[in-house]
Amino acid sequence: MRAVVMNRPGGVEVLQYIQLPDPAPGPGQVRVELAAAGVNFMDVGVRRGMLWKDQSGPATLGVEGAGIVAALGSGVHDFKIGQRVAWVYAPGSYAESAVMPAASLVSIPDGIDDLTAAAVMMQGLTASHFTTDFYPIQIGDVALVHAAAGGLGLLITQIVKARGGKVIGRVSSTQKAAAARDAGADHVIVDKEGDFADEVLRLTDGRGVDVVYDGSGPSTFEGSLKALRRSGTFCWYGPVLGGPGPLDIMSLPKSIKLGYAVFLDHIPTVDALRTKSGRLFDWILKGHLRVRIGAKYSLQDAAKAHSDMESRASTGKLLLIP
Ligand SMILES: NC(=O)c1ccc[n+]([C@@H]2O[C@H](COP(=O)([O-])OP(=O)(O)OC[C@H]3O[C@@H](n4cnc5c(N)ncnc54)[C@H](OP(=O)(O)O)[C@@H]3O)[C@@H](O)[C@H]2O)c1
């Protein structure tokens, strides 16, 4: 089988498309033939050597995808060969075939196609965590959503709207504004330099927003603080693009509540993974959530997908198709 591996951290040039032996599942594992692998910013972090630094030897990138169960290891009873499954946070997904723990898998219901399932696992569970757990949106809340045309931003926007909130989206270019509006954003601010806070305050009559969803790096941090109302909530989530550096807690203004939200805390058990992903699939089936696949690349073009994401050229979810 073919896979995209890296032997050392670096730029997109470290990604190699190579032939590897077909993997065999061990106890509790399943081998899956992939229909699609999701591209995530965390893959860029792994490639740059910022995350999962302790990996030794050639590593196959990618942690998300969907496909068909092709072989079962001993002790696996809850899946059968030929079943359609999806997963998140299981390494080795930029490949034609991957072995992963059965506990990472969820069954894909009828009515959800494989590409949609591959596209929604990481960003959908993350958006669900931020809007229903970390800060449960209430009717009338106003949220500032950064990178609102990205895969994650489009999903956060739709869930905020479905829960009765309003969305001010920030995007870096006018081309992206239409995608954010299409997802339901009430206002869209085009800004690349971190100069959005005054416009947010104007749009909220000086009050500020109830919650900020910000994974957009150091340049947005100060503006996001300024854009919040008193006792507002700052949902920070961007470890790859980076944070504000060491923070004096007494420098936080307006009794703001600030936290680093991590999607794994939404799905700490197999039951939670299957319940929360089942709820996502249900929202899609009922038409409450639309998953926008911004671009599909062949597996061997993983480097191009990374370049597009890093250069802020992408909208929606990026997928690799083996
Ligand atoms: N903590 C968690 O649990 C968790 C889970 C998933 C993702 N994340 C984080 O969420 C963010 C989005 O990741 P994603 O994988 O879901 O992709 P995504 O939503 O599709 O994000 C891509 C968007 O990020 C923005 N961006 C890209 N490069 C940038 C740069 N150099 N500076 C500022 N903004 C940049 C761009 O939006 P604009 O050009 O419009 O600004 C781009 O459209 C990342 O920071 C990722 O690490 C965190």
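1. In this predicted model, Trp52, Tyr89 and Phe263 form one aromatic cluster. A search of the whole structure finds 6 aromatic pairs, and the points below concern the pairs Trp52–Tyr89 and Tyr89–Phe263.

2. The rings of Trp52 and Tyr89 pair edge-to-face, with 5.4 Å from centre to centre and 80° between the planes. Trp52 is located in the loop between α1 (41-48) and β4 (59-60), whereas Tyr89 belongs to the loop between β6 (84-88) and β7 (97-101); the pair therefore ties together parts that are 37 residues apart in sequence.

3. Tyr89 also forms an edge-to-face pair with Phe263, for which the centre-to-centre value is 5.8 Å and the planes are at 75°. This pair links distant parts of the chain: the loop between β6 and β7 contributes Tyr89, and the loop between β14 (257-260) and α7 (270-285) contributes Phe263, 174 residues apart.

4. Phe263 has a relative accessible area of 8% and is buried, because the cut-off for a buried residue is under 20%.

5. In summary, Tyr89 takes part in the edge-to-face pair with Trp52 and in the edge-to-face pair with Phe263.

Methods:
Residues are numbered from 1 along each chain as its sequence is written. This is a predicted model: local features need pLDDT of at least 70, side-chain atom pairs count only at pLDDT 80 or more; totals for chains, interfaces and linings use all residues. Side-chain values use heavy atoms; hydrogens and water are left out. Rings of Phe, Tyr and Trp (its six-membered ring) pair if their centres lie within 6.5 Å; planes under 30 degrees apart count as stacked, over 60 as edge-to-face and the rest as tilted. Helices (H or I, at least four residues) and strands (E, at least two) are DSSP runs, numbered from the N terminus. Buried means under 20% relative accessible area, exposed over 50%, partly exposed in between (1.4 Å probe, protein chains only).
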